[in-house]
Amino acid sequence: MLAYRHAFHAGMHADVLKHLMLVQTLRYMAEKDKPYTYLDTHAGAGAYALDTAIARKTGEFAHGIGRLWARKDLPPAVADYVDLVRRFNGPGALVRYPGSPAVALLMRRADDRLRLYELHPTDHRLLEDGFGAEAHTHIAKGDGYASLKAELPPPSRRSVTLIDPSYEIKTDYTRVAQAMQEALTRFAQGLVLVWYPQLLTRDSQNLPLRLRKIADDLAPRGWLHVRLTVQAPDEHGFGLIGSGMFIANPPFVLHDALRTALPFLAGAMGQIDEPTFLLEQRAA
Ligand code: SAM
């Protein structure tokens, strides 16, 4: 039984980091004419209202996109991402937030394909209602991990795969590592992005190390790992303190873009005295 609903968390600092990197990655993919496939193994509902009781209940977006929305001093990669959220909202206030499917839809060209997998019945229905009529878009109420077998390698031999589970099940950590391995074994050149929660647990701390080993063996264009730590754990040492993204075969421009974006994001979204970030890569 899946209990997690992304609507409670949409637009929080973890979404900012994830979607900023997705925007930069898809912009890079659009530099070549040849179409790409965007595969979202854990798509969520696709788009979220922020002016609802469900979003206001946690108010998490206020410490994420809410802290960037009115700033005039955004570094280029952050400005690019905030512009996309503005396009999604239209003129006026921040009242909606694009999930990863909406980010991909706004970034894609006419022939790029979207493959969106979501297991939760309610979020799958919302995804179907919001995105089902779009061209070259396939939506499945299916297991995103199992989708790799059906979707990779992609017909045009160009792909971006986002693996973004909620980690509500402990086995997600192992399944994510296996999914990275399977994605790269099926299609070594594909870009694979993994989001993970930064917690003070061994699973969370080990995951990037496991991904790094897999990418060292299988990704011909190297990897990039980024982590942004902006919150304190609770008094028992539990709770999200930040998040990370690991990318196999990253766009070569990403490292430089993040070098200016990350200190800015840490300063803007930090809820602790000394927010920190990590940026490391193995270039091809
Ligand atoms: N990628 C979305 C975004 O950035 O807007 C957020 C996704 S949310 C963190 C994770 C989603 O994965 C939840 O909606 C959950 O219902 C769904 N989910 C959990 N296990 C799944 C599985 N095995 N296959 C597909 N979806 C799954």
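Biologist: What do the buried residues of α8 pack against?
Modeller: The buried residues of α8 pack against α7, β7 (191-198), β8 (222-229), β9 and β10 (276-283), where contact means heavy atoms within 4.5 Å. Helices (H or I, at least four residues) and strands (E, at least two) are DSSP runs, numbered from the N terminus. This is a predicted model, in which local features need pLDDT of at least 70 and side-chain atom pairs count only at pLDDT 80 or more, while totals for chains, interfaces and linings use all residues. Residues are numbered from 1 along each chain as its sequence is written, and side-chain values use heavy atoms, with hydrogens and water left out.

Biologist: Which residues in α8 are buried?
Modeller: In α8 the buried residues are S204, L207, P208, L211, I214 and A215; buried means under 20% relative accessible area, exposed means over 50%, and partly exposed is in between, with a 1.4 Å probe and protein chains only.

Biologist: And what span should helix α8 have?
Modeller: Helix α8 covers residues 202-218, and at 1.5 Å a residue its 17 residues should span 24 Å, which agrees with its end C-alpha atoms being 24 Å apart. The expected span is 1.5 Å times one less than the number of residues in the helix.

Biologist: Over to M180, then: where is its place, and what is M180 in contact with?
Modeller: M180 is in helix α7 and counts as buried because its relative accessibility is 0%. Leaving aside neighbours within four places in sequence, M180 is in contact with I163, V192, V194, L211, I214, F246 and A248. M180 and I214 are 34 residues apart in sequence, yet their C-alpha atoms are 7.5 Å apart in space.

Biologist: Which peptide bond is cis, with omega near 0 degrees?
Modeller: The bond from L152 to P153 is cis, with omega near 0 degrees. P153 is found in the loop between α6 (144-151) and β6 (159-163).

Biologist: Changing topic, how many aromatic pairs does the count come to?
Modeller: The count comes to four aromatic pairs, with rings of Phe, Tyr and Trp (its six-membered ring) pairing if their centres lie within 6.5 Å; planes under 30 degrees apart count as stacked, over 60 as edge-to-face and the rest as tilted. Y28 and F252 form an edge-to-face pair, at 6.0 Å centre to centre with 80 degrees between the planes. That pair links distant parts of the chain, since Y28 is in helix α1 (residues 13-29) and F252 is in the loop between β9 (242-248) and α9 (254-269), 224 residues apart.

Biologist: Is Y28 buried or exposed, and how about F252, buried or exposed?
Modeller: Y28 counts as buried, because its relative accessibility is 18%, whereas F252 is exposed, with a relative accessible area of 65%. Another pair is Y167 with Y173, which is tilted, at 4.8 Å centre to centre and 45 degrees between the planes. Y167, Y173 and W195 form one aromatic cluster.

Biologist: Where does Y167 lie?
Modeller: Y167 lies in the loop between β6 and α7 (172-186), and at 10% relative accessibility Y167 counts as buried. Although it is not a glycine, Y167 has a positive phi of about 55 degrees.

Biologist: Last one: how many bridges join β4 to β5?
Modeller: Four bridges join strand β4 (residues 113-117) to strand β5 (residues 137-140), and the two run parallel; strands pair if DSSP finds at least two bridges between them. L116 has I139 in β5 as its bridge partner. The chain crosses from β4 through helix α5 (residues 121-131) to β5 in a right-handed β-α-β crossover, meaning that, with the strands pointing away from the viewer, the path from the first strand over the helix to the second runs clockwise.
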